[in-house]
Every structure is written in C-alpha cells, then in structure tokens.
Amino acid sequence: MIRKEECTSVENLMGGKGTVKLYHIQTKEELGKAGRLYARVVLEPGCSIGWHRHTGETEPYYILKGEGTFIDNDGSRSTVTPGDICTIEDGQCHSMENNSSEPLEFIGLVYNL
C-alpha cells in the first residue's frame, strides 16, 4: 500500500506557542497498541511544543531540517540541528522551541513500553 502523509494542524500543542503541523506517517489507528504518534513535525519560526510528560511511553525526535531548542527533563536547553536525536524516556518531561528564522522539521515517534 502506498498513500500520502496526512497533515493535522494543532494550535498551542501541549501548551506551546503557535501552530504545529503534524504530517502523519502512520495514523494512531495504524499504530494500534504500539503507540500513538509517528509523524514529521514542522514548527514554524516562533512556534513551540509545550512542556509535557510521557508516562508508559517514550519518544525520540530525529531532527531533519532547521535549528531548534530542545528542553530536556532536567530543564537544560540544547540547540539541535539535522542528524540530532532527542530521546524522551518513560516518566520524563520535555519541550521543543523554534527560535530561528527557518522552519524546524523532525520525526516524532511516540511508542508504548
């Protein structure tokens, strides 16, 4: 089966700023019991995903394009660029910001443990 990715726009995702575009690689239904999100995520300049916790699941981000600020569980802030992998483990919190002048794109995969 071949199909196109589906886009969902979400305002203030997890309490963040602006609109986040989620280009679903697989839908929640297709993921079944394995997880709830597998998408290419696009944050336009000035947009963010708010601080939130993962319980019973984990989420790696794989940065594809642009530059962003990853805020880790301990509150540390790190600049991320293409090829970086940000891993959020069970019970941890995190957020992501795009403070640059170009879109930030990454793959997000939320899967159950």
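Keep in mind that the model is predicted.

Cysteines to begin with. How many disulfides does the structure hold? The count is 0. Recall that a disulfide is a covalent bond between the sulfur atoms of two cysteines. For a disulfide, the sulfurs have to be within 2.5 Å. Turn to Cys47, and the closest cysteine sulfur is that of Cys7, again 13 Å off. Their surroundings are worth a look. Cys7 is partly exposed, because its relative accessibility is 41%. Cys47 is buried, at 9% relative accessible area.

Now the core. The largest nonpolar core contains 19 residues. Val20, Leu43, Ile49, Tyr61, Phe70, Met96 and Phe106 have the most contacts inside it. Which strands supply at least two residues each? They are strand 2 (19-26), strand 3 (35-43), strand 5 (57-65), strand 8 (85-88) and strand 10 (104-112). Strand 3 gives the largest share of this core, with 4 residues.

Let me zoom in on Val20. Set aside its neighbours within four places in sequence. Val20 then touches Thr8, Ser9, Val10, Leu13, Val41, Val42, Leu43, Ser48 and Ile49.

Last, the surface. Tyr62, Leu64 and Ile85 make a nonpolar patch of about 280 Å² there. Tyr62 sits in strand 5. Is Tyr62 buried or partly exposed? Its relative accessibility is 38%, so Tyr62 counts as partly exposed.

Key. Residues numbered from 1 in each chain as written. Predicted model: local features only at pLDDT ≥ 70, side-chain atom pairs only at ≥ 80, totals over all residues. Heavy atoms only, no water. Buried < 20%, exposed > 50% of the residue type's maximum accessible area, 1.4 Å probe, protein only. Core = buried A, V, L, I, M, F, W, Y, C linked by side-chain atoms within 4.5 Å. Contact = heavy atoms within 4.5 Å. Patch = residues over 30% accessible without salt bridge, like charges linked within 9 Å, V, L, I, M, F, W, Y side chains within 5 Å. Areas by Shrake-Rupley, 256 points an atom, 1.4 Å probe, with all protein chains shown as cover. Salt bridge = Lys/Arg side-chain N within 4 Å of Asp/Glu carboxyl O.
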